[in-house]
Amino acid sequence: MIGIGRLGRLTLIGLPFAWLGLFFLVPLLIVLKISLAQSAIGIPPYTSLFFDDGSGLKIQVSLANFVLLVHDDLYLRAYLGALGNAALATALCLLFGYPIAHAIARAPKAWRHLLLFLVMLPFWTSFLIRVYAWIAILKPNGLLNQLLIATGLITAPLPLLYNAFSVELGLVYSYLPFMILPLYGSLSALDECLIEAAADLGARPVRAFLAVTLPLSLPGIAAGSLLVLIPAVGEFVIPDLLGGADTLMIGKVLWDEFFNNRDWPVASAVAVVLVAALAIPILFAQKFLEQERTA
Amino acid sequence: MTTAVVRARMALLEIVGASKWFGATLAVDDVSLSIECGELFALLGPSGCGKTTLLRMIAGLEIPDSGRILIDGVDITASPPYARPVNMMFQSYALFPHMDVAGNIAFGLRQEGMDRRHIAARVGEVLALVQMSDYGARRPRELSGGQRQRVALARALAKMPRLVLLDEPLAALDRKLRAETRIELIGIQERVGTTFLVVTHDQEEALGMATRIAVMNRGRIVQIGTPAEIYERPGSRFVADFVGEVNLFDGELTTGFNCLALTVAGFDRPIPLPSDTLLPEGAAATLALRPERLQLCRERPGGFAVAATVSSISYFGGASTVHLAAGEGRLLKARLPSADAGCLSRGTAVWASWLPDDGVVITR
Amino acid sequence: MTGRHGVTAWRAGALTLGFGFLYAPIVLLVVYSFNASRLVTVWAGFSTRWYGEFARNEGFRAAALTSLEVAVMAASLALVLGTSAGFSMARFSRFPGRPLFGFALMAPLVVPEVILGLSLLLLFVAGESLIGWPQSRGVMTITIAHATFGACFVSVLVRAQLAGFDRTLEEAALDLGARPWTVLMRITLPGISPALVAGWLLAFTLSLDDLVIASFVTGPSATTLPMAVFSSVRLGVSPEVNALASLFLAVVFVLVSLAFWLMARQERRRPDPSPVPQAPQAGEG
């Protein structure tokens, strides 16, 4: 804006930049630093980076934690487990979310905002509580099993809880709005005329969808997938509440290392590897979100 | 000279050598202009000619890369927009949606620190001027396009600026409203006495409204004059062609038939030039002839005339434009009252004639 | 058949299933919060007993107040930071460190919460041992954490709304004598008020709802509502939590509907866009 002046610019940019620098970027560096330290008794419960052994300031780093991550296959399994669950959840979100987003995008204009609002509303009501609600539904004597038994479809309760099924259900349930919104954005920006042109040129509805709609909604698909995949990989609450003994996800492992084992350096190492693994998807997500904005 | 006379002679707005680059494009190229107090001045030109950029530089929304802008002799080139005695009526009106009409108009007055009673009085005054007195409490979204325009004008006049800038004021209005609004604008300007600078691409608008016009093309001013001067005496090919319809004859000077004439390709005889032409033999020149100057008749008239065939007639209500094929592959345009054109049809053979002084010689 | 607007069987079906899936647990929670029986499986008649139990529960009450306190402060802080950030990204196309800034604004939106929580806690611990601040973790540290990711959400909303904002309004204000800060306060911010309201409410809700980050950065003195619910739930399903959930839902529903209504009203207030283009692009005219 004309005339806002250097001081004004400095404040407007500098204030949030300094805040985020201090409370987001610096902490990430600290995580890196502590992942190179050793667990110790005391407060804080890790060895410090610098130490003075009488002959000057020295740096002590240890890669022991990373070595542990490589050797103990618990961590590898947890990473892969998290990735697998998250990827499956992303695919399911896409599968279920696409028709919903499409239906909203094609709904009469007056309804669209209301429908979007209804999609977003669960997202704004406690995540924790909604996940917890599924426990009551999926328990052996929970509502779903009761319903199935009552209608005679099954005779014994199905094991619906504390396994991969409930974890996937929980993930899809929680992250579905994150898929629907970018998809809706892409689909609503799609010019109806293009579909009509395809039909005019002889394409049947399925063909028109595959040849026109789907490719043009790819930005939305990409953005939505990243918005689901990345946070889902590090998800903790869902595996903890809905997962069983054999559910191994890295978010839960990190939590356990930190709170139960009190091993901060190992937890930090887990975090560093997780961020490194997610770095490329995160950068992609940033690119897509920027594109969506300027599109 | 006494100071009073000097002050009276000082132009209200003076632009000296202003230029502005946008990346690799030179939008405004060394423009110099001066506008007197009380004028209704028009900047006319096709889109991309730099007129809006020039307007924004006067308003302070763009800073020129070189040159100076002076108001009442004071250099305001580097002044921010809120420090200039200039107000603008935006093409899109730019009315603040979260304020009512009175609030919009009062906004500028509040920035001056005027007290509430004076503000209210002034707001009432300008609303009456644009005949929107009952609309003070309405919101912009409740108004029609024409009403919003009046509010935008009132808002620009409220602070009694030295210069009011109008960016394509009639562009958004339909044809009938355009004519009425044009007359109203002139009336308001005369009543208030403020200097107006109007930017437009519509030559009809410029000719009908302005006391003086500057024609711009590709960032430069090509001609400044009264509407009559611009129309009757275009100084360049561009002006002749851009403002109104015109017949253009390119050729070389020759002497003969006791006057200077132009040998033009496609015509078997040279075309006589106006009596005041002062050009050497052999010089290249262009003759511009307005369509309404052509006379068409079936029999060959005395004096200079060209044989032609009617190729099409465009009917415009009161008048019609007749396109003629003449000479070898040449097209002429004539404008006649429709009653006279009624007897003509495609293929009719006519004689087109005009007086030598009807044309204008252009050397650029 | 070819994709016209309107309701078709397919679309109605998709929407019904989708919304059914999304809302079923919520509806069930609300229904069972009025269940006189402790057991989910048995319906023993209508009762508001659990609401009473919840209200009497000291732990939950204290946690709820803490959560509200944190949420209000964090949302307000997030609003200021996020609006400033969103404005900077939208209006200042070049400044040193812009790519890093953009990354820092976007990354917290996708990075897993455990990482955000862990890293902030480590910062606070390091801070405590190096410079003595923060002395104890609790409400303040949770507020800082929530304000940080809240700001990122607000900046997205603000940036999106600024993209569609008519800049000739700002030019007109400048032209009429307003200084740049006045233009910002009186024209621009009111013009993007839907984003500001929605942003505050979003940051508020996210703060209220956060479990993981709060668990990491809190101290012995502060327990937030999600933390209280989590520890309660781990011990088994408890009906007071149903009552809490329903109350929570009701509050959020009211707030969000309010925000939605305000935004819809703002949309209706806007005049129809004029048929002429807005401020000319550089090089035109």
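The following legends describe close-up views of a predicted model.

**View 1. The largest nonpolar core.** This core comprises 175 residues. The residues with the most contacts inside it are Tyr175(A), Ile250(A), Leu254(A) and Val270(A) from chain A, together with Ala78(C), Leu118(C) and Ala203(C) from chain C. Both domain 1 (13–47) and domain 2 (58–267) of chain C contribute residues to this core, which therefore lies between them. In soluble globular proteins, nonpolar side chains tend to be buried together.

**View 2. The surroundings of Ile250(A).** Ile250(A) is one of the residues with the most contacts inside the largest nonpolar core. When residues up to four places away in sequence are not counted, Ile250(A) touches Ala78(A), Tyr79(A), Ala82(A), Val233(A), Gly234(A), Val270(A) and Leu274(A). Of these partners, Val270(A) is also listed among the residues with the most contacts inside that core.

**View 3. The two domains of chain C.** Chain C is divided into domain 1, residues 13–47, and domain 2, residues 58–267. The C-alpha centres of the two domains lie 30 Å apart.

**View 4. The crossing of helices α3 and α6 in chain C.** Helix α3 of chain C spans residues 58–91, and helix α6 of chain C spans residues 139–163. Their axes come within 5 Å and cross at roughly 40°. At this angle, α3(C) and α6(C) are therefore oblique to each other. The crossing of α3(C) and α6(C) is right-handed.

View 5. Thr141(C) belongs to helix α6 of chain C. Is Thr141(C) buried or exposed? Thr141(C) is buried, because 23 other C-beta atoms lie within 10 Å, and the cut-off for a buried residue is 20 or more. Leaving aside neighbours within four places in sequence, Thr141(C) is in contact with Phe124(C), Pro134(C), Val217(C) and Thr218(C). Thr141(C) and Leu81(C) are 60 residues apart in sequence, and their C-alpha atoms are 17 Å apart in space.

**View 6. Chain B.** Chain B contains 10 helices and 20 strands. Its C-alpha atoms fill a box of roughly 75 × 45 × 45 Å, taken along the principal axes. Of the 364 residues of chain B, 39% count as buried. Among contacts in chain B between residues at least 6 apart in sequence, 63% join residues at least 24 apart.

Methods. Residues are numbered from 1 along each chain as its sequence is written. Chains are lettered from A and ligands numbered from 1 in the order in which they are written. This is a predicted model: local features need pLDDT of at least 70, side-chain atom pairs count only at pLDDT 80 or more; totals for chains, interfaces and linings use all residues. A nonpolar core is a set of buried Ala, Val, Leu, Ile, Met, Phe, Trp, Tyr and Cys residues joined through C-beta atoms within 7 Å. A residue is buried if 20 or more other C-beta atoms lie within 10 Å of its own, exposed if 12 or fewer, and partly exposed in between; C-beta atoms are placed from the backbone. Domain bounds come from an automatic or database domain assignment. Two residues are in contact if their C-beta atoms, placed from the backbone, lie within 7 Å. Axes are lines fitted to C-alpha atoms, for helices over the stretch in contact, and angles run from 0 to 180 degrees between N-to-C directions. Helices (H or I, at least four residues) and strands (E, at least two) are DSSP runs, numbered from the N terminus. Angles under 35 degrees count as roughly parallel, over 145 as roughly antiparallel, 65 to 115 as roughly perpendicular and the rest as oblique. A crossing is left-handed if the near helix is turned anticlockwise from the far one by less than a right angle, and right-handed if clockwise.
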